[in-house]
Structures are given as structure tokens and as C-alpha cells.
Amino acid sequence: MTETTGGELVVKMLESLGVTHVFGVVGGQTLAITDAIIDTDAIEFVHTRHENAAAVMADAYGRLTGRPAVALSTTGPGATNLLTGVGGAFRDSSPAIIITCNNNGENIHKDDAQNADHIDIFRNYVKYGRLVAHPTAIKQAMEEAYINAMTGNPGPVHLDFARDTIEQPVENPPTVPDVHPARSWVGARPVAAAAQVEEVAARVLAARKPVIWLGNGGNRGKASEDVLALAEALNIPVITTFNGMGAVPTTHPLVFGALSRMGTKLTTRVIGEADLVLALGNSLNAVSTTRWRRRLPDVVQVDIDPAMIGRYYADVTTGVVGDLAAFARDLTAATAGQAPKARESRADWIADLRGAEADWWELSARTEPENPGTVSPAVVVRELRGATPEDAVLIPDAGNPGVWSFLWEMPVPYRYIKPVGFGNMGFALPAAIASVADAPDRPVLALIGDGSLGMSLGELETLARSGGPVVVVVLNDSSYGNIRQEQVLHFNGRTVGVDFQDVDFAQVARGMGVKGVRVTDRESLVRAVREGFASGRPLLVDVVLDREANAWTYEAFTPYEG
């Protein structure tokens, strides 16, 4: 009779739970798991240059698919290298399974090589964590972890396996179903009570200027169609949080963009004129509310996590626990009888907002940089939209790339991800590789600053191995641009710790197996990006950026002042 090792049982459980991808860096302690992966066609192992990239890949995969992937590392520094990426998944509610492999159980907490208390290290950045120190505990621990990752507000979970647990045979190994029954119900979400829906319906009908402020829950709940149906039925404008971008198409006539601490002029007007806010899947966090300095009218906050409701703005908040897509459908039905009257009453306001939207787009229409031989970041984003396939995934990195992506038009929902809650740099390149792992033919545009690329540069070689229609556009201003601009603005032009030598990232990319070109004008940029997507192979475009452009003072991003 063939023995089953703990590592083989781990892999069988991953198959049963529907996990198809493991991202990681191998080490001595991981070998019992990675060797077992060789024997299955159901799981792809993508090895990375750094464990942080593996954690980011698992995060991005969870955002794009709604299903967890695994980030795998060995003990000690391998595990701590995962932590930043795990923090990003936790703060942005992305399901992922984090697996660390520790020393033998009898030596954990002793002075063994690379000793570290992984459970304590990850405790504040996962929904669930557990040391698995005996082979008989593997199945139940993995089931519990998966259920925690996928239910309620999704997020990363952590399993720390003792080395001997996964290397030794499992006595009387448990039967593992081909398809685990938990997969059929973990996606179920609570539905708001009918009485609450009726109460909210009366308030929405009575409001003169209600606004839907859609958060990251709109992405996690795939609520675009239902939210837009509600907006259309009652003529309600829709804005998103910074983290909710991509949850609804920005090209819809009732969608007016994202609101965060850096704007925009249009969305601050929308929220400023509102007399009722429907905060759907929106935690009302610091990024959305300018660290809670933004004054809000009455708020109806809908969330599947009761603990998020009324955490901020409690004095004006009415809470509704439930899935926001179902809530939107139920509210549409509850207001149907009086919807025509409500829709007509808001027609003039919506017309005014659409005029303001046209004016807002005009603010970003200037194309000439202040410094010759460079390209302004607003031009990069606006020109890239026309050169990028409509269904492409846009992945801006932390800092200025995310801010300039306010100018990105999204005709297709759920094609946009970025790090918000944790703001972890070095996100876009590994996330692009994860997108290709999920859908090899789906185009990806990664918008990344030179500072972030410096933190994830080794993954260009991973991208060369993975292939796919990925265009990496580097906003290269030879600095940590967002922080440099803040220093210039608030410290009388004095800067420190933010400037680099000029790096030709196109040349670096070529040395790592990815085609690279450097551009200094918009025509060359557009041509290169179009050719890159047409080739179906990875391309890095190094854009020499105009350093005079400042996201903090850019007129389209400044608040509306009425």
C-alpha cells in the first residue's frame, strides 16, 4: 500500500478546495509540498524571485477571480518576506491561503536555523491562523482556513506547517473528496431584512439628491449590474471609493468617478450636494473620507460584515446587514411603483452633473509637458486608454500611478485592481503575472512607477517565463514621485531621500528576457503599446515622465469648492 505523506495530503486538499495556483519560493522546509505538486495536473506552481511577489500574486489572483490561490514560503526570512503582500490582501479583502513551512515540530521556538514564530508574525494581517503540528490535523485545518478565507468579508488565512508534519506518512489518511462540499456554499451571502429594505426605500424616494457611494464590496460581490439597475431606476448618481474603482463601468452615464483624499473635483461636488448617501460595500475609511474630515449627510451603510457598519459616522448612519447586490435588487423592486416620479425629480440635477463631468474631462485635455523630451502623466493615462484593448485589466501600482488612473475610462467592470488599504509598493508587476496565470490570453496593462519597479524588478524574469499579453508602462521620473511632490508642496521645495539616478528600465528589461523600449513622446508611447498588445508577448515601455506634473495640485483632482 502506497503511503501518503502530509505534503501529499496538503496538495490533495488544495485540489479538493479548487485551488489551481501556488505562487512561491521553495526552501528545504517546503519540499514535501512542492514535490507533491509535480504529480498533479490540477495545480500550477509559479516560482518567483521574492516571496513578497508570491503574496502579491495570491492577493491579485483572489481579487480577479474571487477564489484563493496559495502563497508559499519556507521558514524565517521566507515567511517574513511574505508579510507585506499579505497585509495588502488583508486590508483590501482578498481571499488567499498563506502557507509557511516551519522547522520540525519539536524544534519550533528553539534556536534552530531560521527560527521564527510565524503565527505571531502574521496574526494582525490574516483572518485566521494556525500551526499544524500533526498530520491528522491537516484536513480539518485546511477546511477551516478555506471557509474563513471565503465567507463574510473575504481575506487571507495562514497555515504554518511543521516540517515533520508534511514529510511524515499520514496514519490512516482521511478520504478527500474530488470536489469539497464547502465550495458549494462559501459564496452564499446574507440578505437584508425586508422591513429594512422598505424603510430605506421610503428614505430614498423622499431624498432630493441621493448618491450611491460604492466601495470595494462592489468588486467582491460582483454587484455592477444590480447597482446600475438601481441607479437607472431612480436616477441616482454613482461614485466609487478609491478601492471601489472598477466595480462599475465609468462610461455609464450615471457613474461619475472615484472619490478619495486627492479628489476629484467632480466627485467631491457629487458628494457635497447629496442629502442621502447609500454607502454600499463602503467602509468609509480614511482614504475615502480624507481621514474622516469629510462631512456627510445621512448615510445608509450596507455591508455583509456587521462590524464595519457605523464604525465611522455612527451618528448619521443607518446600518443594513446583507449582500449589496441583493440589496440593490430588493430596493429597486421596493421603489418600483414611485420610481418614475423620483427619476423625473432628479433629471435636472443629473443634467447639471453631466455638464460638470464634461468640464472635468476638459481639465485634463492639455497634452504638452512643461519639460521638452518628456511625457506628462495625464497624457500617458489618457493616450493609453485608446491603445489598450477594451477588456484589458489595468493594474496601477501604489502612489501616483493609482492617482493618475482617475483618468482611466473603464467600459468593462472588474478589470481594475490596485493596492489601496495597505498601499504596498511593488504590486503591479507581480499582479500582472497573476492575471496571466488566471487567464493567459487576457491583456494586462501594468502602470508602475520607477520606485515601485525598483522594489519588484526581479519579477521581470518571472514575467519573461510566464509570458502573455502584458504591457508594463513605467512612469519614470527618477524619484519616489508622490512623496517628492508632497515635499515640494509642503516643505518649501526642499526634498530628501526621493531622487534616483536615471535608470533605463527598457535596457534592464531586455537583459531579463522582456522586450523593452524607452519613449519620450506620446506618439512613440502609443505606437509601442499597440505593437506590444498585438504581439501577445510581454513588453516594458519606459516613459520618461515630466517631473513638473504634480498629482497633489493637478486641477482635475482638487476638491470642488462650489
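Let's start with Asn424, which counts as buried because its relative accessibility is 4% (buried means under 20% relative accessible area, exposed over 50%, and partly exposed in between, with a 1.4 Å probe and protein chains only). This is a predicted model, in which local features need pLDDT of at least 70 and side-chain atom pairs count only at pLDDT 80 or more, while totals for chains, interfaces and linings use all residues. Residues are numbered from 1 along each chain as its sequence is written, and side-chain values use heavy atoms, with hydrogens and water left out.

Asn424 sits in the loop between helix H17 (400–404) and helix H18 (428–438); helices (H or I, at least four residues) and strands (E, at least two) are DSSP runs numbered from the N terminus. Beyond its neighbours within four places in sequence, Asn424 is in contact (heavy atoms within 4.5 Å) with Val56, Thr84, Gly85, Gly88, Asp397, Ala398 and Pro419.

Now move along to strand E17 (residues 539–544), where 6 of the 6 residues are buried, so the strand is largely enclosed by the rest of the structure. In a regular strand, side chains alternate between the two faces of the sheet. Both faces of E17 are covered, with Leu539, Val541 and Val543 buried on one side and Leu540, Asp542 and Val544 buried on the other.

What pairs with E17? Strand E15 (residues 470–476) does, in the parallel sense over 6 bridges (pairing takes at least two DSSP bridges between two strands), and Val473 stands opposite Val541. Strand E16 (residues 515–519) also runs parallel to E17, joined by 5 bridges, with Gly516 partnering Leu540.

Finally, follow the chain through E16, helix H23 (residues 522–535) and E17, which make a right-handed β-α-β unit: with the strands pointing away from the viewer, the path from the first strand over the helix to the second runs clockwise.
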